[in-house]
Amino acid sequence: MVKAHDIVARIKMSNNVYRDKSKSNKERINALWEIGDILYQYKIKNPHTLGWEIQKVTSGLIKRPTIFRSHKIRTIWQDRTEFLRLFEKISGLSNL
């Protein structure tokens, strides 16, 4: 079974980029895809449950919705280049 701490160690840098409003939207959505790819590599099947665990062990620094959204994005788009091409000019992440 995958431990939340193991995943946190791998996604924390991408989460920081995703949360950094000084980064471009393209950098931020790329970070979201990277988080999803890590979850995909771990073969996560229930991102909601894992999201709650990660949110708890990080004292809320990494949010459950981030885990769920990134998992969903990576599940839908297998190709990062295609995903970035589609959304590189997005005006805000809430539009994603």
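Okay, let's start with Glu88, which at 32% relative accessibility counts as partly exposed (that's the band between buried, under 20% relative accessible area, and exposed, over 50%, with a 1.4 Å probe and protein chains only). Quick caveat: this is a predicted model, where local features need pLDDT of at least 70, side-chain atom pairs count only at pLDDT 80 or more, and totals for chains, interfaces and linings use all residues. Numbering runs from 1 along each chain as its sequence is written, and side-chain values use heavy atoms, with hydrogens and water left out.

So, who does Glu88 pair with? Its side chain meets that of Lys26 in a salt bridge, 3.4 Å from N to O (a salt bridge being a Lys or Arg side-chain nitrogen within 4 Å of an Asp or Glu carboxyl oxygen). Lys26 sits in helix α2 and Glu88 in the segment after α5, so the pair ties together parts 62 residues apart in sequence. Lys26 is partly exposed too, at 39%.

Now α2 itself, residues 25-41; helices here are DSSP runs of H or I, at least four residues, and strands are E runs of at least two, numbered from the N terminus. Of its 17 residues, 12 are buried, so α2 is largely enclosed by the rest of the structure. Among them are Trp33 and Asp37.

Asp37 has a partner as well: its side chain meets Arg74 in a salt bridge, at 2.7 Å, N to O. Arg74 lies in α4 and Asp37 in α2, so this pair ties together parts 37 residues apart in sequence. Both residues are buried.

Notes:
The expected span of a helix is 1.5 Å times one less than its number of residues.
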